[in-house]
Number of protein chains: 2
Amino acid sequence: MEKGITTRSEDFSQWYNDIVMRAELADYSPVKGCMVIRPYGYAMWENIQRLLDKRIKDSGHENAYFPLFIPESFLSKEADHVEGFAPECAVVTHGGGKKLEENLYVRPTSETIMYAMYSKWIRSWRDLPVLINQWGNVVRWEMRTRLFLRTTEFLWQEGHTAHATAEEAEEETLKILGIYKEFAENVLAIPVYTGVKSDAEKFAGALRTYTIEAMMQDRKALQLGTSHNLGQNFAKAFNVNFQNKEGKLEYVWQTSWGVSTRLIGAIVMAHGDDRGLVLPPRIAPVAVVIVPIYRDVPSREKVLKVAEECKELIGEAAAVKIDDRDQYTPGWKFNEWELRGVPLRVEIGPRDVQNEQVVLVRRDEGRKEVVPQNRFRERVIETLDQIQKNLFERCLKFRDANTVDLDDLGEFSEKMESPGIFARSHWCGSPECEAAIKEQTRATIRYVPFDADEEKGRCLSCGKESNHRVIFARAY
Amino acid sequence: MEKGITTRSEDFSQWYNDIVMRAELADYSPVKGCMVIRPYGYAMWENIQRLLDKRIKDSGHENAYFPLFIPESFLSKEADHVEGFAPECAVVTHGGGKKLEENLYVRPTSETIMYAMYSKWIRSWRDLPVLINQWGNVVRWEMRTRLFLRTTEFLWQEGHTAHATAEEAEEETLKILGIYKEFAENVLAIPVYTGVKSDAEKFAGALRTYTIEAMMQDRKALQLGTSHNLGQNFAKAFNVNFQNKEGKLEYVWQTSWGVSTRLIGAIVMAHGDDRGLVLPPRIAPVAVVIVPIYRDVPSREKVLKVAEECKELIGEAAAVKIDDRDQYTPGWKFNEWELRGVPLRVEIGPRDVQNEQVVLVRRDEGRKEVVPQNRFRERVIETLDQIQKNLFERCLKFRDANTVDLDDLGEFSEKMESPGIFARSHWCGSPECEAAIKEQTRATIRYVPFDADEEKGRCLSCGKESNHRVIFARAY
């Protein structure tokens, strides 16, 4: 390591950048606002894709691919949508050496281009539901960018479904929200709150936007994924209709939903520590690293033989890597793999070989454990499970401890500033009060809970009566 | 089926479009030159990705992701490259509501943006080789487009490596060519010729381009993949250098290589017949379709029970689907799955249940076989292997029968016109003769063989002496 990493308490934001760059997850590119996802970061994205794609397919969806470009006239068909997205678009005006007759927008999201096709494909109730997902890149022009969290181009999946009834569309929207929550919690080890966005925060063109929201270690909120009930807004704009069982024409009911490479930023900020990344075993490109310790050629051979045997023993149960690079010392390797967040390190030295044992070191707690070789496989699998669980519980405890009821705007404002907080507070429901609170404290309404307990209170801003609390936080 | 498919002998090109559209592999989009890859076609692409990605990773490469946009000044740094690609580019001139200071090209290929990063990352011989691959979309403005074969936007993988020596770069270029050949032949069941491109046909900016070339059923050539030895051309343009073991600065030696969604078009044109797609089992989204045959509820139950048992028996050995849709007749389903190219159909009727047997029908030969249920799994696996092999051998036989030595330009021209041919002919090596032959016959040099037998002859065009034959064909 050439130089230290900024600590979280010194400067959380600088710590984040240090980790992302030094662990080689990503790098800045010469294209303004665009990042390069380096192999180690991309391997995390591949794990996210594989595990989420399985869930998307198991719930009946199919993948497809639609064009990168959207004609200007298409984006304009849904009024809220164009107002929300057109200002963020990259615009292609020339192609093949000529000025285009109609400008093309690089997709900021694919509702409009996809639903133009749906309108062609869907004729009858027999064609419904349409359950399509797409993995791809999108572009939204950003002025202030942050690696993974906010970049002009990013990678994501976007699901787009069409249904015969309003009920089915609502059911789908919530089913996906459930899949996102389960994925975030079980795979990324990040507990999430679920709820519905206020009108000011909802997707441009949606009826309702549901969200999963997580707390980062600086007590700010990160929106990890959203699921939109689009109602018939786009169906009417794109004339997506079908003949129902009674032979009458009806507009379809639609949903769209997505998560992006932002999830990688979430993993960094939820679990990392001052020594580097801390990766949940289920998402780690390398779950177990074996570091052989040797001084000479004969001990190298003996130790490497046991390392290979250990790797074999784990087989397909976890991603294992043996770090047999001679040009680095074991100490250097320990630091390197800690920086890269590998959940479990296995140390094997000549004495361990003699004693038929190995040493396991957990990244999350740093604890060492001597394990007999004949219990190696079993113990590695157990320990990885424990790490996965521990990371989740650590986050959950932290989040719950920092989610509090606040009824006084002064205290609210102070705690938002430092140390940061998820505030459960009363709000009268008016966009004006929402905007005033945001203006004054930079906190936004993250979500309105689904099943908020009825509780009388007074709006933080105007003091009018309110029947339940909503959750405020500063957000990325 | 609403209407028939054009036959191959009537109009090969129309047959191709009919199949692609009717089997729902793809559809035209409202964006000029861009296609929509529908779920069935995309499932083929996912199989291609999965099986090729494994080969790319097993040979030591890692995946990463680089920006979609390339600053105009970057593309211009390598003279041949900009000349070849700039005229085909889509150009972003506005972003975030403002005119950009520098235009951005939507990547037609990523050499320039990637090597700008390589120049930052590579310092010493210890950093080499860099072995990176990217899966993504690229855009090349096309006037005359054809679904999968030539579209403005397409999906592909592009590998980009950097090495310390010219020998290593050449070795990598050929290693990848070998992987492409093995993949095309073993997975897609398409035999390919390998060789080197003439200067006129090589990649803009490469030292040498190697190619895999296949014959379609209309006896035209389709280039399935290319592997380029870039020498130090880009290294010099982007200042990608390293300190060698002796401490001296040297430019790296580079390669790039790619295959695209065009492979799906190749599968259609290599194997399809007048009833529809014929898919090689290893790439088919559905390798085995079970069609239950029943007249009433009790027979439906009995038959479906056996169908489920059969599906269970196959397990992970092949992708199986039971078509239990009640609204369609078995005959309708047979046609549908033949159109969609499913390699093996299993028919199960009440009499089969009684006799503890099932009927297998091969898509490639139409042959029916009655198989006892207790030999079902074994026989399905054997048959799928036979189909995979048969498709390859059928193509190979066809290709070899249509690859001939031609020494007379008149005969050459006539056979190129009809029925089409791969002509092994003499060429003096001059770009002028190459251009003249192309002008006159529309045939291009597909490749110069690696180990052509020395044979004296006279150039088809100018009559000068030539020492070996090269392969000409009309190409997509």
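Visitor: What does it take for two strands to pair, and which order do the eleven strands of the open sheet in chain A follow?

Guide: Two strands pair if DSSP finds at least two bridges between them; strands (E, at least two residues) and helices (H or I, at least four) are DSSP runs numbered from the N terminus. This is a predicted model, where local features need pLDDT of at least 70, side-chain atom pairs count only at pLDDT 80 or more, and totals for chains, interfaces and linings use all residues. Residues are numbered from 1 along each chain as its sequence is written, with chains lettered from A and ligands numbered from 1 in the order in which they are written. The open sheet has mixed pairing, and its order is S3-S7-S8-S14-S11-S10-S9-S22-S25-S21-S20.

Visitor: Which strand gives the largest share of the side of chain A that touches chain B?

Guide: Happy to show you: chain A and chain B each bring 41 residues to the contact, where two residues are in contact if their C-beta atoms, placed from the backbone, lie within 7 Å. The largest share on chain A's side, six residues, comes from strand S5 (residues 90-95) of chain A.

Visitor: Is B:Leu339 buried, exposed or partly exposed?

Guide: A residue is buried if 20 or more other C-beta atoms (placed from the backbone) lie within 10 Å of its own, exposed if 12 or fewer, and partly exposed in between. Because B:Leu339 has 19 C-beta neighbours inside 10 Å, B:Leu339 counts as partly exposed.
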